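Hello,

Here is the structure I promised to pass on. Please open it first, then read my notes below.

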Amino acid sequence: MQDNLIRSFMKTFNRLERYLRIEYNDGRFDENTFMGTMYRIRSRRSHPILSGKHEFDLVSQASQLRNLMVHNHEVAQPTKRFNDMFTKLVDTITQPGKVEDVMVHVNAIEKARRTDSLSHVLEVMEETGYQEIPVFAGDALLGVFTEKTLWHHFLIKPDDTIDLNMTIEHVLKAIDLDGIPRKYFSFVARDESVVAAYEMFFAGDRKYLDLLFVTEHGKKDETILGMVALYDLEAAIE
């Protein structure tokens, strides 16, 4: 029984090490230590799971245990509880779920139409607590109405006036797909991993993203399949 546990632990550790070397060291094994790779990942916050203190500590303990076992497994061995926790974490890291598994399906999205009044959309936001309301024309995404939309509108048209009885059409340029004045949503492929999607929220000029819309290949001219927010992805990788 204990021999099976030892083999299971070592197999799981080797799986994690291969994954990290391939993903974060171009497949090379020339870095000084496994923990050298781990510290580099954490310092750069390269992986949302391994940047967490609990997860980092668990992998660190597993690394220390592996080093002891390599020399003499009679000195230290994993308990079933520790091995189960470690295996679950490694599974989450190396086999993350896909975006399509956590997205809000397009049919369940709270939508606005270009003919809706501003007052109506603001009321929907207040009633639902949603901070972003996607605007559609049929199946086509026109943009996203947010709390900042009116402010963005005045950046584009500083001399304009706003009447809440006006329709979404009037502020459409402030919520369209060209990222002006700010890109606050983007697109992701349905089969992208939740970890990669999470990282999109913090990469380069995308660090201000509010939403990701899911399409077949992550292209904006494709049919919208669903939507994910940052908190959806955080829940999926916890």
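The chain has nine helices and seven strands. Helices here are DSSP runs of H or I with at least four residues, strands are E runs of at least two, and both are numbered from the N terminus. The radius of gyration is 23 Å, well over the 18 Å that the globule rule gives for 238 residues, so the chain is more spread out than a compact globule. That radius is taken over C-alpha atoms, and the rule is 2.2 Å times the number of residues to the power 0.38. Along the principal axes, the C-alpha atoms fill a box of roughly 75 × 30 × 30 Å.

A word on the source. This is a predicted model, where local features need pLDDT of at least 70, side-chain atom pairs count only at pLDDT 80 or more, and totals for chains, interfaces and linings use all residues. Residues are numbered from 1 along each chain as its sequence is written, and side-chain values use heavy atoms, with hydrogens and water left out.

Now the whole chain. Of its 238 residues, 42% count as buried (under 20% relative accessible area, with a 1.4 Å probe and protein chains only). Take the contacts with a separation of 6 or more: residues 24 or more positions apart account for 60% of them. Contact means heavy atoms within 4.5 Å.

Next, helix α2, residues 34-43. Its buried residues are Phe 34, Met 35, Thr 37, Met 38, Arg 40 and Ile 41. An α-helix has 3.6 residues a turn, so residues three or four places apart point the same way. The cover over the buried residues of α2 includes α1 (2-24) and α3 (53-71). After α2 comes Arg 45, with a positive phi near 50°.

Last, Ser 117. Where does Ser 117 lie? It sits in the loop between β2 (112-113) and α6 (118-128). Neighbours within four places in sequence aside, Ser 117 is in contact with Leu 164, Asn 165, Met 166 and Thr 167. Its side chain makes a polar contact with the side chain of Ser 119, at 3.0 Å. The side chain of Ser 117 also reaches the backbone nitrogen of His 120 at 3.0 Å. A polar contact is a pair of N or O atoms within 3.5 Å; within protein, one must be able to donate a hydrogen and the other to accept it, and residues adjacent in sequence count only if both atoms are side-chain atoms.

Best wishes

Conventions:
Buried means under 20% relative accessible area, exposed over 50%, partly exposed in between (1.4 Å probe, protein chains only).
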